[in-house]
Amino acid sequence: MAKLKSLIKVEGTLDDLTFYKGRDGYLVRTKGGVSKSRIAKDPAFARTRENGSEFGLAASSGRLLRRSILDLMVDAKDSLVTSRLTRVMTLVKNEDAISPRG
């Protein structure tokens, strides 16, 4: 990942370069990867769609839990609460012994 060192702080896309602001400052990366429409339709990406669906359910479950205990989390907030809780919800999902995928 390239860091942008310039007086002009740019965010957005220009040709094949994407400029964005992250935790480490302004960064630049090249565009790449598979198109969204191909992932949505190509049979070769069926497992990718399944994984995305399962991850989405774990993230939604984590959000529901976070919102239900919002009063308890006021003092415990940090920028990684969501990702840690999604990880735990994924581990809980993986303990399912009935469904083939968890």
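## Helix α2 and its cover

Contact here means heavy atoms within 4.5 Å. The model is predicted. In it, helix α2 has four buried residues: Glu 54, Ala 58, Gly 62 and Arg 66. Their cover includes α3, residues 81-94.

Helix α2 runs over residues 46-68. At 1.5 Å a residue, its 23 residues should span 33 Å.

## Salt bridges

The whole structure holds four salt bridges. Glu 54 has 17% relative accessibility; the cut-off for buried is under 20%, so Glu 54 counts as buried.

Arg 47 and Glu 50 meet at 3.2 Å, N to O. They sit three residues apart, about one turn of the helix. Arg 47 is partly exposed at 48%, and Glu 50 is partly exposed at 36%.

Asp 42 and Arg 38 also form a salt bridge, at 3.0 Å, N to O. Asp 42 is partly exposed at 22% relative accessibility. Arg 38 is partly exposed at 43%.

## A nonpolar patch

Which residues make the nonpolar surface patch of about 270 Å²? They are Leu 65, Ile 69 and Leu 72. Leu 72 lies in the loop between α2 and α3. Its relative accessible area is 69%; exposed means over 50%, so Leu 72 counts as exposed.

Definitions and conventions: Residues numbered from 1 in each chain as written. Predicted model: local features only at pLDDT ≥ 70, side-chain atom pairs only at ≥ 80, totals over all residues. Heavy atoms only, no water. Helix = DSSP H or I, 4+ residues; strand = E, 2+ residues; numbered from the N terminus. Expected span 1.5 Å × (residues − 1). Buried < 20%, exposed > 50% of the residue type's maximum accessible area, 1.4 Å probe, protein only. Patch = residues over 30% accessible without salt bridge, like charges linked within 9 Å, V, L, I, M, F, W, Y side chains within 5 Å. Areas by Shrake-Rupley, 256 points an atom, 1.4 Å probe, with all protein chains shown as cover. Salt bridge = Lys/Arg side-chain N within 4 Å of Asp/Glu carboxyl O.
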